[in-house]
Amino acid sequence: MPSSSRHRQRPAPPVLLAAVLLASLLACAALAPCAAWAQSGAAVDARRPAEVAQVLFGIISYVRWPVARQEVRVCMLGAPRYGAAIVDKPASSLGQRIRVKIPAVASTAGECDVVYMGSLPEGEREHLLAQIIGKPILSVAEPGTSCTVGTMFCLRLNEAQIGFDVNLDAIARSGLRVHPNALQIARRKGPPP
């Protein structure tokens with residue numbers, strides 16, 4: 001059966017096929033590091049809450065209250081991003097049990113030994129700090145939240161690790177004793193983000 005030249009397809013020249021194949025391979029190679037980075041970023045995000053909890057409990061282990069505590073009451077206030085791991089894995093350190101609670105209102109902060117602050121409106125944060133400044137209540141601000149003047153420890157994140165900054169003034173006014181090792185750890189800033 002004769003075929004018309006109009007309906008017959010010509011095969012693509014080998015040079016064109018090679019160019020398309022090469023472009024496809026380069027696109028896959030270029031996307032592979034992005035996919036690996038996205039997977040490693042997801043793994044870091046999955047570990048982050050447990051790491052934040054570990055740092056918080058580590059800070060608590062370096063603190064001594066004027067009157068010894070058999071149980072350290074940690075209150076989570078605001079909207080903590082990493083709070084689930086803190087609630088799920090209460091720890092104990094140096095003979096102290098740690099009990100985590102989520103009070104309904106910030107006005108109960110005086111019943112806490114540690115205040116872990118998540119995201120709070122600025123006015124509410126200032127009101128909370130006004131209640132606890134000068135009292136033996138450890139204040140720790142979650143990473144990514146505002147670190148205001150009265151907060152003792154401000155957690156910070158970068159890709160490699162979690163660190164923290166220390167407000168020596170706020171600690172001195174509280175009457176809490178913080179082991180010098182915690183202050184040394186805070187001085188180690190780690191690699192820039």
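## Disulfide

One disulfide, meaning a pair of cysteine sulfur atoms within 2.5 Å, is found in a search of the whole structure. The model is a predicted one, in which local features need pLDDT of at least 70, side-chain atom pairs count only at pLDDT 80 or more, and totals for chains, interfaces and linings use all residues. Residues are numbered from 1 along each chain as its sequence is written, and side-chain values use heavy atoms, with hydrogens and water left out.

The disulfide joins Cys 75 and Cys 112, whose sulfur atoms are 1.9 Å apart. Its S-S torsion is about -90 degrees, so the disulfide is left-handed. Cys 75 belongs to strand β2 (residues 71-77), while Cys 112 sits in the loop between β4 (96-101) and β5 (114-117), so the bond ties together parts that are 37 residues apart in sequence. Helices (H or I, at least four residues) and strands (E, at least two) are DSSP runs, numbered from the N terminus.

For Cys 75 the relative accessibility is 0%.

Not counting residues up to four places away in sequence, Cys 75 touches Lys 101, Pro 103, Cys 112, Val 114, Val 115 and Tyr 116; contact means heavy atoms within 4.5 Å. The C-alpha atom of Cys 75 is separated by 9.0 Å from that of Thr 108, 33 residues apart along the chain.

## Overall fold

The chain contains five helices and nine strands. Along the sequence they follow the pattern α-β-β-α-β-β-β-α-β-β-β-α-β-α.

Of the 193 residues in the chain, 36% are buried. Among contacts with a separation of 6 or more, 64% are between residues 24 or more positions apart.

## Individual residues

Ser 61 is found in helix α1 (residues 14-61) and is buried, with a relative accessible area of 19%. A polar atom of the Ser 61 side chain lies 2.6 Å from the backbone oxygen of Gly 58.

Gln 96, in strand β4, is buried at a relative accessible area of 8%. Its C-alpha atom is 9.2 Å from that of Ala 68, 28 residues apart along the chain. Ala 79, by contrast, lies in the loop between β2 and α2 (83-88) and is partly exposed, at 49% relative accessibility. Leaving aside neighbours within four places in sequence, Ala 79 is in contact with Gly 118, Ser 119 and Glu 142. Ala 79 and Thr 145 are 66 residues apart in sequence, with a C-alpha to C-alpha distance of 9.9 Å.

## Cavity

The whole structure holds one cavity of 30 Å³ or more. On a 1 Å grid over the protein atoms alone, a cavity is a set of points where a 1.4 Å probe fits but cannot get out, and lining residues have an atom within 4 Å of a point. Grid points are joined across faces, edges and corners, and a volume is the space filled by probe spheres set on the points.

The largest cavity contains about 40 Å³ of space. Its lining consists of Ile 132, Ile 133, Gly 134, Gly 150, Met 152, Ala 170 and Arg 173. Four of these lining residues are nonpolar, two polar and one charged. In this grouping, Ala, Val, Leu, Ile, Met, Phe, Trp, Tyr, Cys and Pro count as nonpolar, Asp, Glu, Lys and Arg as charged, and the others, Gly among them, as polar.

Notes
Buried < 20%, exposed > 50% of the residue type's maximum accessible area, 1.4 Å probe, protein only. Polar contact = N/O pair within 3.5 Å; in protein donor to acceptor, adjacent residues only side chain to side chain. 1 Å grid on protein atoms, 1.4 Å probe; cavity = no way out; pocket = protein on both sides within 12 Å on 5 of 7 lines; lining within 4 Å.
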